Amino acid sequence: MLFDIEVKISLKDGMLNPEATQVERSLDLLGYEVKNVKTVETIKFQMEGEDREAIRENVVDMCERLLCNPVIHNYKINVIPQNMACGK
């Protein structure tokens, strides 16, 4: 079975986020009053497998070893079977 994987990575609270700071400042200059801007990186890919939980465990391992730094990042994983992705 083919699974669509989505990993959203963000900085933990208290970590400096220059990109979010720049977005907030730029929006303010354009007249928009926004607060607490956060940026999130999304990584999407597909994996083959039969067991959704085994796939999820593999993705957690990927996140911990390569995709993010668990000391400074939070991440959320979404594992969707391909046949559910289209509402079937």
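**Charged and polar side chains in a predicted model**

Aspartate 4 is buried (under 20% relative accessible area, with exposed meaning over 50% and partly exposed in between; 1.4 Å probe, protein chains only) yet has no salt bridge. The nearest side chain of opposite charge, that of lysine 44, is 8.8 Å away. A salt bridge is taken as a side-chain nitrogen of Lys or Arg within 4 Å of a carboxyl oxygen of Asp or Glu; Lys and Arg count as positive and Asp and Glu as negative, while His and the chain ends are not counted. The model is predicted, so local features need pLDDT of at least 70 and side-chain atom pairs count only at pLDDT 80 or more, whereas totals for chains, interfaces and linings use all residues. Residues are numbered from 1 along each chain as its sequence is written, and side-chain values use heavy atoms, with hydrogens and water left out.

Aspartate 4 lies in strand β1 (residues 2-11); helices (H or I, at least four residues) and strands (E, at least two) are DSSP runs numbered from the N terminus. Its side chain makes a polar contact with the side chain of glutamine 46 at 2.7 Å. A polar contact is a pair of N or O atoms within 3.5 Å; within protein, one atom must be able to donate a hydrogen and the other to accept it, and residues adjacent in sequence count only if both atoms are side-chain atoms.

By the stated rule, the count comes to 3 salt bridges. In one of them, glutamate 6 and lysine 44 meet through their side chains at 3.6 Å, N to O. Glutamate 6 lies in strand β1 and lysine 44 in strand β2, so the pair ties together parts that are 38 residues apart in sequence. Glutamate 6 is partly exposed, with a relative accessible area of 22%, and lysine 44 is exposed at 61%. Another salt bridge is formed by aspartate 13 and lysine 38, whose closest N and O atoms are 3.5 Å apart. Because aspartate 13 belongs to the loop between β1 and α1 and lysine 38 to the loop between α1 and β2, this pair ties together parts 25 residues apart in sequence. Aspartate 13 is exposed at 67% relative accessibility, and lysine 38 is exposed at 56%.

A further salt bridge joins the side chains of aspartate 61 and arginine 65 (3.6 Å, N to O). Both residues lie in helix α2, 4 residues apart, about one turn of the helix. Aspartate 61 counts as partly exposed at 38% relative accessibility, and arginine 65 as exposed at 69%.

Helix α2 (residues 52-67) has 16 residues, but its end C-alpha atoms are only 20 Å apart, short of the 22 Å that a straight helix would reach at 1.5 Å a residue. The expected span is 1.5 Å times one less than the number of residues. The buried residues of α2 are Ile55, Val59 and Cys63. Seen down the helix axis, these residues fall within an arc of 85°, so they line one face of α2; the arc is that of the directions from the helix axis to the C-beta atoms. Their cover includes β1, β2 (40-48) and β3 (73-81). The face turned away from the buried side carries the exposed residues Glu57 and Arg65. At the start of α2, a side-chain oxygen of aspartate 51 reaches to within 3.1 Å of the backbone nitrogen of glutamate 53.

For helix α1 (residues 18-29), the 12 residues should span 16 Å at 1.5 Å a residue, and the end C-alpha atoms are 16 Å apart, which agrees. Asparagine 17, in the loop between β1 and α1, counts as buried at 15% relative accessibility. Its side chain reaches the backbone nitrogen of alanine 20 at 3.1 Å. Leaving aside neighbours within four places in sequence, asparagine 17 is in contact (heavy atoms within 4.5 Å) with Leu11 and Thr39. Just after α1, glycine 31 takes a positive phi of about 95°.

Glutamate 24, in helix α1, is partly exposed, with a relative accessible area of 26%. The side chain of glutamate 24 reaches the backbone nitrogen of valine 37 at 3.3 Å. Residues up to four places away in sequence not being counted, glutamate 24 touches Val34, Lys35, Asn36 and Val37. The C-alpha atoms of glutamate 24 and asparagine 36, 12 residues apart along the chain, are separated by 7.9 Å. Asparagine 36, found in the loop between α1 and β2, has a positive phi of about 55° although it is not a glycine. Asparagine 36 counts as exposed at 65% relative accessibility.
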